[in-house]
Amino acid sequence: MKFEELIELWDKDSHIDKTELGDEALKIPKLHHKYYQVLIHEKLLLKKYEANMKTLKLEKYEFYSQGPTDETRKKGWELPAKGLILKSDLPMYIDADKDIINLSLKIGLQQEKIIYLDSIIKTIMNRGYLIKSAIDFLKFTHGV
């Protein structure tokens, strides 16, 4: 799920109908279930990206230290103009590699989605207290 879609979805689900507080209280378990499923899916996707990163780093290490193969040529990988790289310089070239950077950005975005989903779930867990406070306030303002 795209981050923008997640934000829009929570924007719709976060609203509490003040006229139907009882119904809103009953929706809490469904909301929790809905967002927990999304959280689990996004965590699994993060694990996949992290595993892909490990594989990609190994492939890039072999590429930069041993030179291109038919497989790496098909992927469009090219060595820098100076050719093979010294082992001491490998980490710098691997960290600056465009494929590594792109995957790192995906991992970073995925981590931010998980943080956002965690905060949504915490908010959902506190929703019952918010609804109870609203009900108590209505009782107070109506003299009950």
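In which helix do Glu 24 and Lys 27 lie, and how many residues apart are they? I found both of them in helix H2, three residues apart, which is about one turn of the helix. I took helices as DSSP runs (H or I, at least four residues), numbered from the N terminus.

Before going further I noted that this is a predicted model, in which local features need pLDDT of at least 70 and side-chain atom pairs count only at pLDDT 80 or more, while totals for chains, interfaces and linings use all residues. Residues are numbered from 1 along each chain as its sequence is written, and side-chain values use heavy atoms, with hydrogens and water left out.

I then looked up salt bridges (a side-chain nitrogen of Lys or Arg within 4 Å of a carboxyl oxygen of Asp or Glu), and the search of the whole structure gave 10 of them. Glu 24 and Lys 27 form one, at 3.5 Å from N to O. Arg 127 also forms a salt bridge with Glu 24, its closest N and O atoms being 3.3 Å apart; this pair links distant parts of the chain, since Arg 127 is in helix H5 and Glu 24 in helix H2, 103 residues apart. Through shared partners, Glu 24, Lys 27 and Arg 127 are joined into one network.

For burial I used relative accessible area (buried under 20%, exposed over 50%, partly exposed in between, with a 1.4 Å probe and protein chains only). Glu 24 counts as buried at 5% and Arg 127 as buried at 3%, whereas Lys 27 is partly exposed at 41%.

A further pair that I recorded is Lys 34 with Asp 13, where the closest N and O atoms are 2.6 Å apart. Lys 34 in helix H2 and Asp 13 in helix H1 are 21 residues apart, and the pair links distant parts of the chain. Lys 34 is partly exposed at 29%, while Asp 13 is buried at 17%.

Terms used:
Helix = DSSP H or I, 4+ residues; strand = E, 2+ residues; numbered from the N terminus.
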